Amino acid sequence: MKKNKISAILNLKEDDLKLLPLTEKRSVSSLPFGCRYRLIDFPFTSLHNASIDSAAFFIAGNGRSLHDHIRSGASWGLDSSIGGGLFPHTETAIREAVEMEKVDQINSFYHDQIHYVMRSKSEYVVMMGSKMLSNIDILALLRYHQEKEADVTVVYKNMVQPDYVGSEDETYLLFESQVTDRITNLVSFDKLDSNLKKAPVNMDIAIMTSEKFVELATKAGKSKVKSETTLLYKEHLDKVNVVGYEYTGYLKNINSIKSYFEANMDMLNESNYNALLNRGDSIITKVKNGAPTFYSKDAKVKNSQFASDCLIEGEVENSLIFRKVTIAKEAKINHSIIMQGSQVGKGASLEYVILDKGVRIGENVHLKGTADNIKVIKKNTVVEPERGAKV
């Protein structure tokens with residue numbers, strides 16, 4: 001066994017209603033990002049950089065899109081046949097709904113996690129999700145946890161107020177005092193003290209010993225506690241030593257179309273790009289080889305990112321263009337995200353638009369959203385100027 005061996009639990013049962021229609025056939029964790037990545041690449045890279053070779057993940061639905069991306073987990077070193085491996089648990093929402101009606105039965109969400117942790121024979125367990133887009137150094141987190149001799153260590157980021165506006169699914173940490181990192185409560189954003197200059201946003205990432213995890217998960221399962229990472233320890237803050245670990249890198253809560261759009265656009269800013277993608281080792285994703293993108297003599301490009309295998313003949317500004325996208329002559333793209341395999345016809349214009357995979361925009365079609373109301377075109381939709389949209 002490796003010294004300080006860590007196993008990982010990824011709770012990917014994240015609320016996706018505000019991300020529809022992008023999450024109609026994919027989980028939040030498998031959302032495409034930054035021209036070449038998926039959101040799951042970021043927590044998986046953190047595991048890889050900490051030499052973690054064992055992870056269990058839990059998805060509300062069937063997770064087909066996620067499985068297609070990660071396969072055996074080989075890209076992140078999660079395909080080990082000796083003490084490691086990738087352990088998927090799907091359709092957890094259905095199972096949980098059935099079990100809530102049964103008396104004296106431990107929630108299978110926690111039962112499966114306890115079983116996994118005990119079988120992994122790890123000394124520590126790290127728990128993560130995918131919607132809190134970040135780049136975490138798990139070994140630094142472990143060292144801090146050990147130095148503080150904590151029962152549980154929770155990751156947070158200080159967000160400046162009033163510039164930062166919290167969302168309804170976020171919680172904030174309350175500390176025992178200004179000179180201690182002991183956490184005494186978690187509160188929703190609407191109850192946050194407006195006089196605070198910085199809001200310590202809970203990132204839903206925690207680390208603890210396997211023994212402590214089994215203890216808390218057993219209690220949570222028996223009491224029918226909803227399957228969320230923070231609820232594992234929230235009700236025990238008076239008895240369990242829970243401390244906060246401050247993260248200082250890039251953070252975005254991907255919980256809506258607007259936040260998803262903004263996170264992608266943030267990658268056009270060099271400081272944001274470096275803070276997320278060049279913080280330590282590079283982000284790992286599934287390799288897809290392709291030809292370099294071709295720009296015709298008529299193409300005009302400004303402040304944009306492009307993946308491979310694209311044909312660009314029109315104008316692109318402040319946008320992200322994924323693989324195998326075609327943008328015809330006289331087309332104008334501004335503040336938009338064009339996903340894999342989409343085509344934009346001659347003379348068409350897009351502004352504040354997200355095209356999901358395989359969308360075809362006809363000639364002279366004009367689509368316009370706003371910064372607060374992004375227009376999203378569903379996967380494989382064909383948009384023609386006279387007939388409107390058809391699937």
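Ser-51 is partly exposed, with a relative accessibility of 49%; here buried means under 20% relative accessible area, exposed over 50%, and partly exposed in between (1.4 Å probe, protein chains only). Ser-51 is placed in the loop between H1 and E4, where helices (H or I, at least four residues) and strands (E, at least two) are DSSP runs numbered from the N terminus. The phi angle of Ser-51 is near 60°, a positive value in a residue other than glycine. The structure is a predicted model, in which local features need pLDDT of at least 70 and side-chain atom pairs count only at pLDDT 80 or more, while totals for chains, interfaces and linings use all residues. Residues are numbered from 1 along each chain as its sequence is written, and side-chain values use heavy atoms, with hydrogens and water left out.

Two further backbone features were found. Cys-35 also has a phi value that is positive in a residue other than glycine, near 75°. Cys-35 lies in the loop between E2 and strand E3 (37–38) and is buried, at 5% relative accessibility. The peptide bond from Leu-20 to Pro-21 is cis, with omega near 5°, and Pro-21 is in the loop between E1 and strand E2 (32–33).

The protein chain contains eight helices and 30 strands. Its radius of gyration is 22 Å, close to the 21 Å that the globule rule gives for 391 residues, so the chain is as compact as a globular protein of that length. The radius is taken over C-alpha atoms, and the globule rule is 2.2 Å times the number of residues to the power 0.38. The C-alpha trace spans about 65 × 50 × 40 Å along its principal axes. Of the 391 residues in the protein chain, 53% are buried. The accessible surface of the chain is about 18,400 Å², and 47% of it belongs to carbon and sulfur atoms; accessible areas come from the Shrake-Rupley method with a 1.4 Å probe, and for residues only the protein chains shown count as cover. Among contacts (heavy atoms within 4.5 Å) with a separation of 6 or more, 58% are between residues 24 or more positions apart.

The largest nonpolar core has 40 residues, and those with the most contacts inside it are Leu-10, Phe-44, Leu-47, Val-126 and Ile-138. A nonpolar core is a set of buried Ala, Val, Leu, Ile, Met, Phe, Trp, Tyr and Cys residues joined through side-chain atoms within 4.5 Å. Elements that each supply at least two residues of this core include strand E1 (6–11), helix H1 (41–49), helix H5 (138–148) and strand E11 (198–209). The largest share of the core, five residues, comes from E11. Not counting residues up to four places away in sequence, Leu-47 touches Ala-8, Leu-10, Ile-52, Ala-55, Val-126, Met-128 and Ile-138. Another core, of 30 residues, lies apart from the largest one; among its residues are Cys-35, Tyr-37, Tyr-260 and Leu-277.

Five strands form an open sheet with parallel pairing, in the order E16-E19-E22-E25-E28; two strands pair if DSSP finds at least two bridges between them. Strand E16 (305–306) and strand E28 (375–377) stand at the edges with a single partner strand each, so one side of each is left without a neighbour in the sheet. Strand E22 (residues 337–338) runs parallel to strand E25 (residues 353–355) and is joined to it by two bridges. Ile-337 of strand E22 stands opposite Ile-354 in E25 and is buried, at 0% relative accessibility. Leaving aside neighbours within four places in sequence, the contacts of Ile-337 include Tyr-260, Phe-261, Leu-320, Phe-322 and Ile-354.

Eight aromatic pairs were found in the whole structure. Rings of Phe, Tyr and Trp (its six-membered ring) pair if their centres lie within 6.5 Å; planes under 30 degrees apart count as stacked, over 60 as edge-to-face and the rest as tilted. Phe-261 and Tyr-352 form a tilted pair, 6.0 Å centre to centre with 45° between the planes. This pair links distant parts of the chain, 91 residues apart: Phe-261 is in helix H7 (residues 257–266), and Tyr-352 is in the loop between strand E24 (349–351) and E25. Phe-261 is buried at 4% relative accessible area, and Tyr-352 is buried at 18% relative accessibility. Tyr-295 and Phe-306 form an edge-to-face pair, 5.3 Å centre to centre with 85° between the planes.
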